[in-house]
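Biologist: I would like to learn how to read a structure like this one. Could you take me through it, feature by feature?

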Amino acid sequence: MQELASLPLFELAFRMVATAAVVMAVTWAVDRFGPLIGGALAGLPVVIGPGFYFLSLHATPAFVGNAASHSLWSLCGTQVFILTYMACARSRGVAMSLACAGIAWAVVAVAVSRLPPAPVVGLAVFAAVTAAAIWLGARLALGTTPARPSIDWTTLIMRGGLAGLLVAVVTAVSSRIGPEFSGIFLAFPIGFGVLAVTLHEKLGAANAIGTLNAAIKGATGLAVFSAAFALLMPHLGYGWSLLLATVISCSLTLALALRARALSRR
């Protein structure tokens with residue numbers, strides 16, 4: 001398999017732009033439509049989709065399938081990351097909240113790295129973890145009142161660019177650590193982390209907590225994408241599997257966003 005570090009610059013640049021775009025778009029959605037819809041939109045596979053596309057160009061089907069399956073285990077860690085940040089943000093600042101959330105994710109990532117590539121089991125475990133996270137998230141978000149001030153777009157663009165740079169770095173080293181950690185790091189919650197920090201700093205802890213609470217459900221779109229891609233690829237190949245997985249994931253995310261919009265109007 002070709003080392004990802006030697007990929008053409010335009011491929012790494014595309015990942016940088018895609019990551020920056022999703023962070024900026026979701027934050028705009030929070031400012032425009034509120035945290036419920038913004039959090040749901042955080043589940044769009046704008047980062048993980050291109051990641052597996054580029055991985056499929058230079059890796060064997062077995063490697064990519066293994067990585068996709070392990071990304072599901074990593075997404076269980078994403079829910080832990082979100083809950084930890086929410087818990088810390090209630091009484092701590094941005095740096096402490098992000099550090100604790102990152103440590104929590106790392107602990108889960110190391111724990112799941114030795115699990116077998118089993119997309120059906122992984123999706124079932126993710127569903128159980130998400131159900132528990134929704135219950136806990138609702139209690140952590142209790143009593144928060146999201147604000148709606150305007151966004152400093154200059155700062156937002158800078159943070160989006162930083163997120164894109166981090167994704168490019170992860171892509172560059174992922175092929176050196178095997179399919180297990182490749183999938184785990186491709187699903188690393190960079191987008192959620194930068195989104196949380198941006199909202200926490202610019203819109204306040206209450207807005208960050210409210211958005212992350214909605215993002216717990218939004219992460220389901222990412223899990224569905226990974227599971228669908230891993231299950232379809234042995235039968236349909238890279239192209240159709242990516243397309244269908246994206247359609248399924250985006251459809252679920254749209255449904256969650258529409259439901260969130262309906263709830264926000266009540």
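Biologist: At what angle do H4 and helix H6 pack, and how far apart are their axes?

Modeller: Two packed helices are described by the angle between their axes and the distance between the axes. In this predicted model, H4 and helix H6 (residues 119–140) pack at about 10 degrees, and their axes are 9 Å apart. Angles under 35 degrees count as roughly parallel, so H4 and H6 are roughly parallel to each other.

Biologist: Which residues of H4 and H6 meet?

Modeller: From H4, they include Leu 72, Trp 73, Leu 75, Cys 76, Leu 83 and Met 86. From H6, they include Val 121, Leu 123, Phe 126, Val 129, Leu 136 and Leu 140. Sorted by class, the contact of H4 with H6 has 16 nonpolar, 5 polar and no charged residues.

Biologist: Let me try another pair. How do H4 and helix H5 pack?

Modeller: Helix H4 (residues 61–89) and helix H5 (residues 94–112) pack at about 155 degrees, and their axes are 8 Å apart. That angle makes H4 roughly antiparallel to H5. The crossing of H4 past H5 is right-handed. On the H4 side, the contact includes His 70, Trp 73, Phe 81, Tyr 85 and Ala 89. On the H5 side, it includes Val 94, Ser 97, Leu 98, Trp 105 and Val 112.

Biologist: Let's turn to single residues. Is His 200 buried or exposed?

Modeller: Buried means under 20% relative accessible area. His 200 has 10% relative accessibility, so it counts as buried. His 200 lies in helix H9 (residues 190–203).

Biologist: What does the side chain of His 200 make a polar contact with?

Modeller: A polar contact of 2.8 Å joins it to the side chain of Tyr 85. Leaving out residues up to four places away in sequence, His 200 touches Tyr 85, Ala 89, Arg 92, Gly 93, Val 94, Ser 97, Ala 205 and Ala 208.

Biologist: Ala 89 is on that list. Where is Ala 89 placed?

Modeller: Ala 89 is in helix H4. Its relative accessibility is 4%, so Ala 89 counts as buried. Again setting aside residues up to four places away in sequence, Ala 89 touches Ser 97, His 200, Ala 205 and Ile 209.

Biologist: How far apart are Ala 89 and Ala 205, in sequence and in space?

Modeller: They are 116 residues apart in sequence and 5.9 Å apart in space, C-alpha to C-alpha. Leu 140 lies in helix H6. Beyond its neighbours within four places in sequence, Leu 140 is in contact with Leu 83, Met 86, Ala 87, Arg 90 and Ile 209.

Biologist: What share of the contacts in the chain join residues at least 24 apart?

Modeller: Among contacts between residues at least 6 apart in sequence, the share is 85%.

Biologist: One more residue, please. What lies 2.9 Å from a polar atom of the side chain of Thr 211?

Modeller: The backbone oxygen of Asn 207 does. Thr 211 lies in helix H10 (residues 205–218), and at 0% relative accessibility Thr 211 counts as buried.

Biologist: Finally, how many helices and strands does the chain have?

Modeller: The chain has 11 helices and 0 strands.

Terms used
Residues are numbered from 1 along each chain as its sequence is written. This is a predicted model: local features need pLDDT of at least 70, side-chain atom pairs count only at pLDDT 80 or more; totals for chains, interfaces and linings use all residues. Side-chain values use heavy atoms; hydrogens and water are left out. Axes are lines fitted to C-alpha atoms, for helices over the stretch in contact, and angles run from 0 to 180 degrees between N-to-C directions. Helices (H or I, at least four residues) and strands (E, at least two) are DSSP runs, numbered from the N terminus. Angles under 35 degrees count as roughly parallel, over 145 as roughly antiparallel, 65 to 115 as roughly perpendicular and the rest as oblique. A crossing is left-handed if the near helix is turned anticlockwise from the far one by less than a right angle, and right-handed if clockwise. Contact means heavy atoms within 4.5 Å. Buried means under 20% relative accessible area, exposed over 50%, partly exposed in between (1.4 Å probe, protein chains only). A polar contact is a pair of N or O atoms within 3.5 Å; within protein, one must be able to donate a hydrogen and the other to accept it, and residues adjacent in sequence count only if both atoms are side-chain atoms. Ala, Val, Leu, Ile, Met, Phe, Trp, Tyr, Cys and Pro count as nonpolar, Asp, Glu, Lys and Arg as charged, and the others, Gly among them, as polar.
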